[in-house]
Amino acid sequence: MSAYGHQMEREFSSQSLLSREDTESGSRYVLESGFYMKSFAATIFIAGLLIVGVLLVTLLVTLAVMLQSCESRSKGVVEIEKASDSYHYCKAFASHGELNSLEEPEIPPVCWNLAIHYLKGGEYERDLNFMISMIESFFDTISPSDNHLDVVLMDIDDILTSNHTYSYQSMHQQQFNQYGSNKPSGSIEDAANLKHWRILELYVKLKSRGWSLILLSRKPERQRNVTAEQLKAVGFNGWSSLIMRSDSEMEMETWEYFCRRRTAMKEEGTQIVSVISSQLDALTGSSLGKRVFKLPKPLHYKSQTPTP
């Protein structure tokens, strides 16, 4: 056989060997790049790609949820800041309104709304309880003198609110209803009742400890009998004195009237220990004693003086 024939035979034998090798392996995949893998390895590779894809999708969903959460939280912070700004504005306006005896129509609408939430949300009850607790703590540290000249002045217009120059009931009831209905809890009437009972509890406690209690009113002297009966009817008994305005005092500002009466008491030898009221006019001027306590209230404005 010629040399050419031997070369062709060797090439044919090599091709036959490769064919047999491909046939016998059968589970290998030849790639154009020149390498191959078994079917098991290919399955693992494809599964890995799928897992990576799922992880990427999960990561994208997580990032989207986190972004939405951050936006919602940021929006909530802005709303809280806005509510806080309104609260501080109305708090400052309340003091301004009382100092300047502003009329009801001069109260900004946003402050009416916040006052309603102040009552319905329980903040008024909390503030009232804190102040009553503060008053009780103060009187836990002192005792009446033996000469019985020590007195505590209490504003009864905080007790008898029906003819009050500052009345919760005269707040916009229609606006109140739109924030909740006339349900018993958290209503304006409930706030007035709560205030009545907490002041009555304080009154009874001070009286039981031997303190002389003088009640102050902005009402005219000619209403004395009616006022005294009203006080007794709601549980207030045994006061030392009930001070009401004479005809001449009806013409002066209430803070001046209170100040004159306190000064007169001091000149007579009475020792004023404390003054308790929710209204600034009763806590202004001289002869206020050792400590004054201002009870909380949602709004301060001046309505028309009750007729006799």
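**Note on the predicted model: sheet, helices and selected residues**

1. S287 sits in the loop that links strand 6 to strand 7, where helices (H or I, at least four residues) and strands (E, at least two) are DSSP runs numbered from the N terminus. Its phi is near 55°, a positive value in a residue other than glycine. With a relative accessibility of 18%, S287 counts as buried, the term being used for residues under 20% relative accessible area, with exposed meaning over 50% and partly exposed in between (1.4 Å probe, protein chains only).

2. This is a predicted model, in which local features need pLDDT of at least 70 and side-chain atom pairs count only at pLDDT 80 or more, while totals for chains, interfaces and linings use all residues. Residues are numbered from 1 along each chain as its sequence is written, and side-chain values use heavy atoms, with hydrogens and water left out.

3. For the chain as a whole, the secondary structure comes to 8 helices and 7 strands, and 34% of the 308 residues are buried. The accessible surface comes to about 18,900 Å², of which carbon and sulfur atoms hold 58%; such areas come from the Shrake-Rupley method with a 1.4 Å probe, and for residues only the protein chains shown count as cover. Of the contacts (heavy atoms within 4.5 Å) between residues at least 6 apart in sequence, 69% join residues at least 24 apart.

4. The sheet is open and is formed by 5 strands in the order 5-4-3-6-7, with parallel pairing; two strands are taken to pair if DSSP finds at least two bridges between them. Strand 5 (241–245) and strand 7 (291–294) each have a single partner strand and stand at the edges, so one side of each is left without a neighbour in the sheet. On average, and with direction ignored, neighbouring strands are turned by 20° against each other, the axes being lines fitted to C-alpha atoms, for helices over the stretch in contact, and angles running from 0 to 180 degrees between N-to-C directions.

5. Strand 3 (residues 150–155) is joined to strand 4 (residues 212–220) by 5 bridges, and the two run parallel. V152 has L213 as its bridge partner in strand 4, and D155 is partnered there by L216. On the strand 6 side, strand 3 is again joined by 5 bridges in the parallel sense, and here V152 has S274 as its bridge partner. Strand 6 is in turn joined to strand 7 by 4 bridges, also running parallel, with K294 in strand 7 as the partner of S277.

6. Strand 4 has 9 of its 9 residues buried, so it is largely enclosed by the rest of the structure. S212, I214, L216, R218 and P220 point one way, whereas L213, L215, S217 and K219 point the other way, and all are buried. In a regular strand, side chains alternate between the two faces of the sheet. Strand 4 pairs with strand 5 over 4 bridges in the parallel sense, L216 standing opposite I243 in strand 5. Strand 6 has 6 of its 7 residues buried, so it too is largely enclosed by the rest of the structure.

7. Helix 8 has 14 residues and spans 20 Å from its first C-alpha to its last, close to the 20 Å expected at 1.5 Å a residue; the expected span is 1.5 Å times one less than the number of residues. The buried residues of this helix are T254, Y257, F258, C259, R262 and M265, and what covers them includes strand 3, strand 4, strand 5 and strand 6. Helix 8 is followed by G269, whose phi is positive, near 100°.

8. I199, which lies in helix 6 (residues 188–208), is buried, with a relative accessible area of 3%. Leaving aside neighbours within four places in sequence, I199 is in contact with M154, D158, I159, F236 and L295. I199 and L128 are 71 residues apart in sequence and 9.6 Å apart in space, C-alpha to C-alpha.

9. Is H148 buried or exposed? H148 counts as exposed, at 62% relative accessibility, and is found in the loop between helix 4 and strand 3. Although H148 is not a glycine, its phi is positive, about 60°.
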